[in-house]
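Please consult the sequence and structure shown below.

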Amino acid sequence: MGAVQLRRRQAGGDMSDRGARLTTQRDIDLVEILDRALGAGIVITGDVTLSLADVDLVYLSLRLVVGSVPTIRGEPADEVHTLAAGAVDPR
Amino acid sequence: MTEQALAKYVYCVVAAGQRPSLEGLMGVDPAFGLEVVTHGGVSAVVSDVRLEEFGAEALKRNLEDLEWLERTALAHNAVLARALACEAVVPLRLCTIFSDEAHVRDMLERERDYFLESLERLRGHAEWSVKVLADPRKIEARERGPALTAGAEGAPGHEFFARKKNERLIRDEARAMVEAAAQTTHARLREEAAAAVLLRPQHPDVSRRSGEMVLNGAYLVERSRAAAFEAVTQELAERHRRISLDLEVSGPWAPYNFVAARQGAT
């Protein structure tokens, strides 16, 4: 674990890899998008794509870098399933 | 190992016959526009990507580059935002890539029942995000006023301990109030939604909003009822403001958080 090191190049060039932090409003929106595009959405293994474990590891590292903490799967997905199954049916 | 120059990146699946307007939009690889691959009643929105950038090895490198990731995620989401104009859309996770169109068709064939069921379930719905943020210091300060007066009535010798006890009381009360507000907010929004899911709160470092995220909810809302949902969030936001809580709403999003976790065969 922890093999992935996310890098962010700064215009000023003074930011170390480890110290990279997302801080602007644009970054906040980006975190919203990444949480969805990388952390949610249906997972289907493409034949070119990395193994899911690799993508999960990237997402895990990203969470460490940006400090965002939702999980990819687990209880939330189960909840989605049960809630959605009952609730979306037309009543 | 025959490395082709191009592969197909898949963004989402919509019902066949639904055609998102994709004019003027480029894919995650900006050299290529978007296409639709239809098979067995479902359509995948795809674009070409160069393997030198999106092949397994390159991808492993690029995914670790925040700038690349940002660019790619924004382009990915832009397609999803357009696809929201369709009756229903099933979002795929970032960087789902197939070697060619035939493999995309194989996938559509294999997952057909799942896609059809999901499209039916999601029809006419979109996802909304609601977050509640609390600044503990502000809330404790609000609670402190009356509580301190009560503490000052104690004997002078016990004042220090009384104050300490008071502080703890204030913290506990503030915490309880915030948690109750988060719970009632989620419960109220859930009533307005077809489905709801609690996501893990984001860390304060990233939220950069002053305060702690005490609710990070995603709500699947019927689009025809979006105005009503927003009205409720407005009403909740006003109520929250009075007790120093911030409520943030964003949407509509493609229903990323309302497609069941699933792992297709390779």
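In this predicted model, Tyr9(B), Tyr11(B), Phe54(B) and Trp68(B) are joined into a cluster by ring pairs. Over all chains, the structure holds seven aromatic pairs.

**Aromatic pairs**
- Tyr9(B) and Phe54(B) pair edge-to-face, at 6.0 Å centre to centre and with 85° between the planes.
- This pair links distant parts of the chain, since Tyr9(B) lies in strand β1 and Phe54(B) in helix α1 (residues 51–54) of chain B, 45 residues apart.
- Tyr9(B) counts as buried because its relative accessibility is 0%, and Phe54(B), also at 0%, counts as buried.
- The pair of Phe54(B) and Trp68(B) is tilted, because the ring centres are 5.2 Å apart and the planes stand at 50°.
- Phe54(B) in helix α1 and Trp68(B) in helix α3 of chain B are 14 residues apart, and their pair also links distant parts of the chain.

**Nonpolar cores**
- The largest nonpolar core has 63 residues, and those with the most contacts inside it are Tyr9(B), Tyr11(B), Ile97(B) and Tyr219(B).
- Helix α3 (residues 66–83) of chain B supplies the largest share of this core, eight residues.
- This core lies between domain 1 (6–123) and domain 2 (126–257) of chain B, because both give residues to it.
- Another core, apart from this one, has 26 residues, including Val42(B), Phe98(B), Tyr114(B) and Leu122(B).

**Helix α4 of chain B**
- Val104(B), Met107(B) and Leu108(B) are buried in helix α4 (residues 101–110) of chain B.
- These residues cover an arc of only 100° around the axis, so they sit on the same side of α4(B).
- A side-chain oxygen of Asp100(B) lies 3.2 Å from the backbone nitrogen of Ala102(B), capping the N-terminal end of α4(B).

Methods. Residues numbered from 1 in each chain as written. Chains lettered and ligands numbered in written order. Predicted model: local features only at pLDDT ≥ 70, side-chain atom pairs only at ≥ 80, totals over all residues. Heavy atoms only, no water. Buried < 20%, exposed > 50% of the residue type's maximum accessible area, 1.4 Å probe, protein only. Helix = DSSP H or I, 4+ residues; strand = E, 2+ residues; numbered from the N terminus. Arc of directions from axis to C-beta. Polar contact = N/O pair within 3.5 Å; in protein donor to acceptor, adjacent residues only side chain to side chain. Core = buried A, V, L, I, M, F, W, Y, C linked by side-chain atoms within 4.5 Å. Domains from an automatic or database assignment. Phe/Tyr/Trp six-rings, centres within 6.5 Å; stacked < 30°, edge-to-face > 60°.
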